[in-house]
Amino acid sequence: MATISLCMIVKNEEQVLARCLDSVADLMDEIIIVDTGSTDRTKEVAARYTDQIYDFTWIGDFSAARNFSFSKATMEYIYAPDADEVLDAENRARFRDLKNCLLPEIEIVQMWYVTEAFNTVMNVKRELRPKLFKRLRTFTWIDPVHETVRLDPVVFDSEIEILHKPLSVHGSRDFEICEQIYARDGALSPKLRKMYAKELLKCGELPDFERAEDFFTMEWEKDPMAEAGREAACVLAHLARLQGNGAELMKYALRDMLDTPCAEICYELGSYYQEMKDYDEAIVWYQNAVSETECILDVEAGGKKSLEGLVACYEALIAQAEKAELQTSSEQQKQSIEIYEQQLVTYRETLADWQLPEE
């Protein structure tokens, strides 16, 4: 049977910490809690489960805190949950089975991460994430001739599902860290750049976009048609719409049209024309977002958000047509209302059925 150290970093998690530890404590051989500056009863709650509680001065770097927590582990494997995660009974059993039969050559175990609400970065219902790590890795020579050391870890994809149950979104915290890194280094890694853009589109407010404007403008100006430039265009187009700057929105949208347009830009155009009460034009772009383009950051732009826009536009068109019919009834107006009502039924049904992709 493998031995496991739980290593968790926490800050002000008194509301959820016990829920998490109750679901995993008996599966662990060691529990290590690293507190990065709690001002509530987090450490008091943690003390009910372990005496290995350490303070770590927060420096705006989750990796630094996690590395410190890992340095305290002594077991064969390290499990790295967050305080707002839970294992239910079925997945506790799966975890116990894994622990009992974990092959020593496995170095990383991936588990399914399932977020029920406040989904700020995921475009699917669940995704595999590395959660269990072999603490000490050995190096192995491979190939009978021209031998070399195996560099890739041995990864096992388990069936364990971790339920992510946050009480609120953490977007503002993540935005602040990205802003600090950009201010310090003048750049973000490609992965962090993409996550920053994705999280802004999913839960950012106008001030968050305004603080991010310089960074994404720099990325767009480097090469508007590169991956980073197109992602930046989505952020900047959304900001322009929030600011009511139609000319700026069109600049980013039209450049995107030189290549295969993305659903995010089509959604922004639909939203812009809906706000201008040009519902027919809004419908064109919402329909393109839903059926003619692909998402590059936010899958809801080509699904739920644009479908909501289509429903709202057809409701508005019906209201306009009914008002006109009261003033001057005509066969053409009646036909228009019938067409609008048919479309409204279709998009309401599509919206009701829409869900995030499974994985």
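Helices here are DSSP runs of H or I with at least four residues, and strands are E runs of at least two, both numbered from the N terminus. With that in hand, open the predicted model.

**Stop 1: the whole chain**

Select the protein chain. Switch to the C-alpha trace. Along its principal axes it spans about 80 × 55 × 45 Å.

Now colour by burial. Of the 359 residues in the chain, 45% are buried.

Then pick out the charged side chains. There are 39 positive and 68 negative ones. The centres of the two sets lie 5 Å apart.

**Stop 2: helix α3**

Select residues 62–71, which form α3. Which residues of this helix are buried? Show the side chains of Ala64, Ala65 and Ser69: these are the buried ones. Look down the axis. The three cover an arc of only 135° around it, which puts them on the same side of α3. An α-helix has 3.6 residues a turn, so residues three or four places apart point the same way.

What covers this buried side?

Now move to the start of α3 and select Asp61 and Ser63. Draw a distance from the side-chain oxygens of Asp61 to the backbone nitrogen of Ser63. One of those oxygens comes within 2.9 Å of that nitrogen.

**Stop 3: the loop between β8 and β9**

Select β8 (141–142) and β9 (148–149), then the loop between them, where Asp143 lies. His146 sits in the loop between β8 and β9 too.

Check the backbone torsions. Asp143 is not a glycine, yet its phi is positive, about 80°. His146 is another residue other than glycine with a positive phi, near 50°.

The cut-off for exposed is over 50%. His146 passes that mark: it is exposed, with a relative accessible area of 72%.

Definitions and conventions:
Residues numbered from 1 in each chain as written. Predicted model: local features only at pLDDT ≥ 70, side-chain atom pairs only at ≥ 80, totals over all residues. Heavy atoms only, no water. Buried < 20%, exposed > 50% of the residue type's maximum accessible area, 1.4 Å probe, protein only. Arc of directions from axis to C-beta. Polar contact = N/O pair within 3.5 Å; in protein donor to acceptor, adjacent residues only side chain to side chain. Lys, Arg positive; Asp, Glu negative; His and termini not counted. Charge placed at Lys NZ, Arg CZ, Asp CG, Glu CD.
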